[in-house]
Amino acid sequence: MIRGIALCLALVASASAALARFDVQEIETAAGLSVWLVEDHSIPIVTLEAAFLGGASLDPEGKEGATRLAMSLLDEGAGDLDAVDFARARDTLATRIGFSASRDSVSVSLRTLTETLDASADLLHTAIHAPRFDGDAVERARAQMLSSARFEETDPGAIAGRALSAMAFPDHPYGRTIDGTVESMAALAVPDLRAALARVLVRDRAHISIVGDVTPEEAAALVDRLFADLPEAEVPLPKPADIALDGGTTVIDLDVPQSLALFSQPGLSREDPDFFPAFVMNHILGGGGFSSRLTQEVRVERGLTYSVGTSLSPRRYGPVLTGSVASSNDTIAEAIAVIRAEWARMAAEGVTEAELTAAKQYLTGAYPLRFDRASRIAGILVGLQARDLGQDYINTRNDMVDAVTTDDIQRVAARLLDPDGLHFVVVGRPDGLAPTQ
């Protein structure tokens, strides 16, 4: 045990030392694009990460799933290469090329040896600028997403999530699925996929980072080579949402032995000056695994669930505080009552010094461990750019956690936590739990 603790401390110290050595250079390319670079010539590998704001939230109503389907097809054939030839070219170069779509952004990634950087960049450029959308590739990817959409029609978590989102954001893209419905996915055609890429792969919404064996001049040239000829954005970003959740309970009937509940209320934006107290508070309330109050009260003390937790989700256009719990049909009502009681207790009493000290030790100790490989570093840097947090955030983040006091959490808990405003969506056949909405 002692040796294990010593090893953990050594890993944290090593990661912290590595963090202190970061030298992030901000470069402007000849085409006017901005890139954050961490030079590291110790290993002949280059990692690039780019995120484009907008994401699947820009899918028009009725075209849900278009962005995710389009991004999934970028490495399924491009230019003169069909899907098989593209995969063969990528494997020959020992290059990793990735594309993904989330609600607020789409991402492009590249990881390659320095000696194959030019050829890998050519392959990535072709994928971005000349996707083929061959019929067999489209139908294969569509079938996978349709299978997921059909599964979600009977999955308690997906049913609850879609219902809660629709209630919270009735007139906003956040209220719609980004994965597509069976109907929207079946109707998507190749022009819809090309239109989706035109909405999201735009140069004026790009945030780019590079980590590895390149000079600033080489990094700038690489970025312009890949992205300088992308179009400017024409579709506006979503507007901030008014979260329409009221307190109460919604029950969706499903013949399952265990009920699943998702619960939510308005949260805090990442830019809110109270974000860090709220972040620490959430860790203590439900975000800290076995150390959290909800796990102790709902699972350990009463045995009502295997898993319960919360998440402070600072979504760009509508931040929320969410949570989930699953329990048998005859105990889910009690589990919900305990959660509401803990919500009220935290709002009224805040946290103890012991709870705060333990939370700080974990949150500050875990942070440096995120910087354990180039791909994660590149992703973190892109995230900092996208939220306009600045390069110094890497060095000041733990200081901001350490600065949180019990008085801060008391203030924020009273401001944020509203047990009467907490809304539960329960999927199952819960005993003794009547819907209020």
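Which residue in β13 is the bridge partner of Leu260? Keep Leu260 in mind; the tour comes back to it.

**Before you start**

The model is predicted: local features need pLDDT of at least 70, side-chain atom pairs count only at pLDDT 80 or more, and totals for chains, interfaces and linings use all residues. Residues are numbered from 1 along each chain as its sequence is written, and side-chain values use heavy atoms, with hydrogens and water left out.

Colour the model by pLDDT, the predictor's confidence in each residue, from 0 to 100. The protein averages 93, and 95% of the residues score at least 70. Now select residues 1-18, where the pLDDT is below 50. Beyond near neighbours in sequence, this stretch has seven contacts in the model, a contact being heavy atoms within 4.5 Å.

**Stop 1**

Helices (H or I, at least four residues) and strands (E, at least two) are DSSP runs, numbered from the N terminus. Two strands pair if DSSP finds at least two bridges between them.

Select β9, β13, β10, β12 and β11, which in that order form an open sheet with mixed pairing. At its edges are β9 (248-253) and β11, each pairing on one side only. From one strand to the next the twist averages 15°; axes are lines fitted to C-alpha atoms, for helices over the stretch in contact, and angles run from 0 to 180 degrees between N-to-C directions.

Next, select residues 258-266 (β10) and 423-428 (β13), which pair in the antiparallel sense over five bridges. The bridge partner of Leu260 in β13 is Val427.

Move to β11 (308-313) and β12 (320-328), an antiparallel pair with six bridges. A hairpin of six residues joins β11 to β12, and Thr310 stands opposite Gly323 in β12. Then show α10, which lies across β11 and β12 and runs at about 170° to β11.

**Stop 2: the sheet of six strands**

Select the strands of the open sheet β1-β2-β8-β3-β7-β6, whose pairing is mixed. Because β1 (24-28) and β6 (96-101) stand at the edges with a single partner strand each, one side of each is left without a neighbour in the sheet. The twist averages 15° from one strand to the next.

Inside this sheet, pick β2 (34-39) and β8 (206-212), which run parallel and are joined by five bridges. Glu39 has Gly212 in β8 as its bridge partner.

**Stop 3: the largest pocket**

On a 1 Å grid over the protein atoms alone, a cavity is a set of points where a 1.4 Å probe fits but cannot get out, and a pocket is an open set with protein on both sides within 12 Å along at least five of seven lines; lining residues have an atom within 4 Å of a point. Grid points are joined across faces, edges and corners, and a volume is the space filled by probe spheres set on the points.

The largest pocket has a volume of about 830 Å³. Select Pro314, Gly379, Gly383, Leu384 and Arg387, the closest to its centre of the 28 lining residues. Helix α14 gives the largest share of the lining, six residues.

**Stop 4: the cavity**

The structure holds one cavity of 30 Å³ or more. About 40 Å³ of space lies in the largest cavity. To find it, select its lining: Ala56, Ser57, Asp59, Glu64, Pro173, Arg176, Thr177 and Ile178.
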